[in-house]
Amino acid sequence: MKYFLTTAIDYVNSRPHLGTAYEKITADIIARYRRLAGYDTYFLMGNDEHSLNVFRRAQEQGKDPLAYCDEMEQVFRDVWKRLDVSYDDFIRTTDRKRHYPATQKLAQACYDNGDVYEGSYEGWYCEGCEAFKPEKDLVDGNCPIHNTKPKWIKEKNWFFRLSKYQQPLLKLYKEQPSFIEPEIRRNEILRLVEGGLEDISMSRAGQSWGIPVPFDPASVVYVWFDALINYAAAAGYGWNEEKYKTWWPANLHIVGKDITRFHCVFWPAMLMSAREPLPKQVFGHGWVYFKGERMSKSLGNIVDPLAAADRFGPDPLRLYLAKEIPYGGDGDFTWERFEEKYNADLANNLGNLVNRVASMTERYQKGSVKAASGGALAAVAADSVLAYRQAMEVHALHDGAAAAFRLVSAANNYIAETQPWALAKDPAQADRLNGVLSDLAEAVRIAATLLAPVIPSSAQEILRRLGDERPLQDRRLDADTEWRTSGERRILNAGALWPRIEAEKGVVNVTENDSGAPSAPSAPGTPATQASPQAAPQQPAQITIDDFAKIDLRTAKVLEAEKMPKSNRLLKLKVDVGEPEPRTILAGIAESYEPEQLVGKSIVIVANLAPRKMMGLESQGMVLAASPDGGKAIVLNSEPAPPGIKVR
Ligand code: MSP
């Protein structure tokens, strides 16, 4: 089965930023998923070069425009490589072998079929969008996307009879409801087309930067008409009939919400006019904002995807973009949230699981496990695989990633439930211990396979540690996500994949005021009671962020709880803090809780309190509890949280 998918081709007047990278990374996840699912996949990307802004940028730098575009091609390719984007083909609109013949053929076909006529245009043109703007779309006279005043243009152009395609387009949307995804974009486009379509200009006069119009070589093809054709051009249209028959039509065009209309209205109308098959689907993803704002040069808030990849490698960035932003909707990026998610998903959850399984297998079984029959975890794995598939088939990347992480969390909980360290102390439990560890390894293997499209090099490394060196391209979703019940495997204990990062000084807990800027810290030593000397009871002295950072607060899960003999106040707890072995903590909460009430609960502990001996037992930490004067202690716990997460 074949699967041909494309991304928008980028303007090269500036380097890729996190927003353009988001599109390429998410498209790459879809391409990798299709390969994993066994499709013969063709993943196309490229650069859009005939824009006026590109021409101007080259001029500003004193460069020939083509030479400038050649340089930018390398810049773009280098970024995509660093982000592990596995495109199969990269097309440029200055490509004379493929793109020129395709563009001229399609323009000629529309002309020959009577859909192109000469006329004159007068109106607003936004050079940022490279599009004509109806007066009603302007906000205070400005383009709403670029916030700049469009230019008033009056010129003789060739026009494409878009208006003729209103009914055929409505018929297409009706008969092929999945042509536009997600639903929100479909509704936008439906409203737009139902409102009536005006003919569009398909050429620009008096310019040399572009592809000559075949029936009027003094004009060039309008940059959007030119750019859309890249998809068919790469597939062979106009220069390689055999390739074209093999690959066209595309299965999926992935584009941003701002340009969905070009892909769902102009493009199918152009293809209908030229009597060529239509793509199967256009997916209009949302935008990535930085702290809620559009990234822009003038605001100086552009996030460089390379800086984000340099922080922890490309995989954590890929995971963040796929898992944190429901695909199709808008999302936000902040460095703080990125770090938080890194710690939660990778350091504490997946990374910790891989580590624990490998270190326990090394310690208790000399590094190898024999596959067993599979217990509760096998059922969770089967559910996760099913949910993952269903999500990925409809490009719900966030749900796909979440399904894989459900298996990871279930495996971490399984460690807490089965307590391999306790099994290891009893020789009669040797088979059970092997069964638990082999089930865990199997769960990790399946989760890593599911996550391979999202975090490819990390998944490959996890699978290698589990004794399976095959390259990702040799793996298949069906065969490689089946629960295996036979065979022996050696597991490599090779250290932390994602070391937990601690808050950087001055970053954590700096609150933000309404303007988004960090608030100035209050002057050191300012007494808390200064404003109203008698108002409040005496407060403890203020501490600095550095003082706070010394306290290692972590989530923990209560595995066991019992009353301490001869004490009314103390409970003895065994808690999982995400470390290979559980800790024992003595907590003064026996008057508030029966031991059974606490088992299975998530609590918060001070993890770096020096161990203290109490009633002959060492307490390895302290449980956080609200302690009203004269009242009963209330252990702080809310929603269940995976053990070992930093609390701040
Ligand atoms: N050259 C046109 C596309 C022609 S396709 C035949 C173009 N180029 S672009 O460089 O401005 O944008 C490339 C893609 O990146 C578009 O799909 C656009 O929506 C997407 N994004 C640009 N900024 C974005 C975000 N901040 N977030 C997510 N995607 C964004 O448009």
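1. The residues of the shell around the ligand divide into 12 nonpolar, 8 polar and 4 charged. The shell holds 24 residues, and the closest are Ile9, Glu23, Asp48, Gly256 and Asp258; a residue belongs to it if one of its heavy atoms lies within 4 Å of the ligand.

2. A word on the basis of these notes: this is a predicted model, so local features need pLDDT of at least 70 and side-chain atom pairs count only at pLDDT 80 or more, while totals for chains, interfaces and linings use all residues. Residues are numbered from 1 along each chain as its sequence is written, and side-chain values use heavy atoms, with hydrogens and water left out.

3. Now the polar contacts, meaning pairs of N or O atoms within 3.5 Å. Glutamate 23 places a polar side-chain atom 2.5 Å from an oxygen atom of the ligand. On its own the ligand has 660 Å² of accessible area, and the protein covers 93% of that (Shrake-Rupley method, 1.4 Å probe).

4. Which elements give two or more residues to the shell around the ligand? They are β2 (10-11), α1 (18-36), α7 (223-228), α8 (230-234) and β13 (252-256). The largest share, 4 residues, comes from α1. Helices (H or I, at least four residues) and strands (E, at least two) are DSSP runs, numbered from the N terminus.

5. For the chain as a whole, there are 21 helices and 27 strands, and the C-alpha trace spans about 100 × 75 × 45 Å along its principal axes. Of the 648 residues, 53% are buried (under 20% relative accessible area, with exposed meaning over 50% and partly exposed in between; 1.4 Å probe, protein chains only). Valine 255 in strand β13 counts as buried because its relative accessibility is 0%.

6. Two cis peptide bonds deserve a look. One runs from glutamate 181 to proline 182, with omega near -10 degrees, and proline 182 lies in the loop between β8 (180-181) and α6 (183-194). Another joins tryptophan 248 and proline 249, with omega about 5 degrees; proline 249 is in the loop between α9 (241-247) and β13.

7. Please also check two positive phi values. Most residues other than glycine have a negative phi, and most peptide bonds are trans. Aspartate 84, in the loop between α3 (65-82) and β4 (89-92), has a positive phi of about 65 degrees and is partly exposed, at 25% relative accessible area. Asparagine 147 has phi near 55 degrees and sits in the loop between β6 (131-133) and β7 (151-160); at 59% relative accessible area, asparagine 147 is exposed.

8. Finally, the cavities. The largest has a volume of about 60 Å³, and its lining includes His50, Tyr125, Glu130, Arg204 and Trp209. That lining divides into 7 nonpolar, 2 polar and 2 charged residues. A cavity is a set of points, on a 1 Å grid over the protein atoms alone, where a 1.4 Å probe fits but cannot get out; lining residues have an atom within 4 Å of a point. The volume is the space filled by probe spheres set on the points, which are joined across faces, edges and corners.

Technical notes. 1 Å grid on protein atoms, 1.4 Å probe; cavity = no way out; pocket = protein on both sides within 12 Å on 5 of 7 lines; lining within 4 Å. Nonpolar A, V, L, I, M, F, W, Y, C, P; charged D, E, K, R; others polar. Polar contact = N/O pair within 3.5 Å; in protein donor to acceptor, adjacent residues only side chain to side chain.
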